Amino acid sequence: MAERSIYQPGESVLHRLNPVTTFVLAACLSVVVFVVPDYRLPLGLSIVLLALVFVARVHRLVLRLVAALAIPFAFFLLLIHGVLNPGPQAEPLVTIGPVTVWEAGFETARLIFLRILVLILSFLLFATTSQPQRMRVALMEKGVPNKLAYVFIASLQIIPEMRTRAKSIADAQQARGLDIHADIRTRTGSIVALMAPLLIGTLIAANTRALALDARGFDASGERTFLYDVPDTGGERLLRYAAVVAVFGALAWRLLP
């Protein structure tokens, strides 16, 4: 069965939270770390988020995705800022053979990397602990239009679906004799052979889904009933308000003289 999302079932406290709370916290944390110019804040938040990843028992998937995204990003940041950007003072931090890592560039790369790491961790934690169906119900209960809630959930599901479909197409192409591990020219041809059925299959799947939604009364008016009960406690509402206040507090601290 194709993977519909990166959601990982569980019973942790993060799984029990209202998905809107998790989303608001992830968004607010991502904004705050880009407002505050001190690397110690995103460093501390990264440690806390990593601890929460283990608490939620989603560490296998999250750490694999973080490694795939963050390690190449860290390498390019270190190359562009740490090596190629000496800064106005040109103070060397460390020299290894012909390569010098400049202190100012390294500090810039460190801050950017930690900010992006918080953003990746917070939204991966949100996506892996929030069941899509509960998320859609929670959004609609907060007044989000049905169509907009569906588009939001579908956007979270499209990447895992396309990844699964691409793997199936690649397996089928290889079974027919296509070598996707050959030289660059052959690999380029493999990409074309992969992309055409992938795009066509995605369009067909979108059309099939639209027909299924119409058959289930997606545009029906009137009061709706939901299969899932998504509680929203007073403590969670307070937590969301506190997160929004923290964002405005950080903006005021940064902008006001």
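Q: How many helices and strands are there in the chain, and what pattern does the chain follow along the sequence?
A: There are nine helices and two strands in the chain, where helices (H or I, at least four residues) and strands (E, at least two) are DSSP runs numbered from the N terminus. Read along the sequence, these elements give the pattern α-α-α-α-β-β-α-α-α-α-α. This is a predicted model, in which local features need pLDDT of at least 70 and side-chain atom pairs count only at pLDDT 80 or more, while totals for chains, interfaces and linings use all residues. Residues are numbered from 1 along each chain as its sequence is written, and side-chain values use heavy atoms, with hydrogens and water left out.

Q: Why is the pair of phenylalanine 23 and phenylalanine 123 called edge-to-face?
A: The ring centres of phenylalanine 23 and phenylalanine 123 are 6.1 Å apart and their planes stand at 70 degrees, so the pair is edge-to-face. Because phenylalanine 23 lies in helix α2 (residues 19–35) and phenylalanine 123 in helix α5 (residues 103–129), the pair ties together parts that are 100 residues apart in sequence. Ring pairs also link Phe23, Phe123 and Phe126 into a cluster.

Q: What makes phenylalanine 23 count as partly exposed?
A: Buried means under 20% relative accessible area, exposed over 50%, and partly exposed in between (1.4 Å probe, protein chains only). Phenylalanine 23 has 29% relative accessibility and therefore counts as partly exposed, and phenylalanine 123, at 27%, likewise counts as partly exposed.

Q: How do you know that phenylalanine 75 and phenylalanine 76 form an edge-to-face pair?
A: The rings of phenylalanine 75 and phenylalanine 76 have their centres 5.5 Å apart and their planes at 75 degrees, so the pair is edge-to-face. With a relative accessible area of 52%, phenylalanine 75 is exposed, whereas phenylalanine 76, at 48%, is partly exposed.

Q: Where does leucine 84 lie, and why does leucine 84 count as exposed?
A: Leucine 84 lies in the loop between α4 (59–83) and β1 (92–96), and its relative accessibility is 60%, so leucine 84 counts as exposed.

Q: Is leucine 45 buried or exposed?
A: Leucine 45 has 19% relative accessibility and therefore counts as buried; its place is in helix α3. The C-alpha atoms of leucine 45 and arginine 115, which are 70 residues apart along the chain, are separated by 9.4 Å. Over the chain, buried residues make up 33% of the 257 residues.

Q: Why does arginine 57 count as exposed?
A: The relative accessibility of arginine 57 is 71%, so arginine 57 counts as exposed. Arginine 57 lies in the loop between α3 and α4, and has a positive phi of about 60 degrees although it is not a glycine.

Methods
Phe/Tyr/Trp six-rings, centres within 6.5 Å; stacked < 30°, edge-to-face > 60°.
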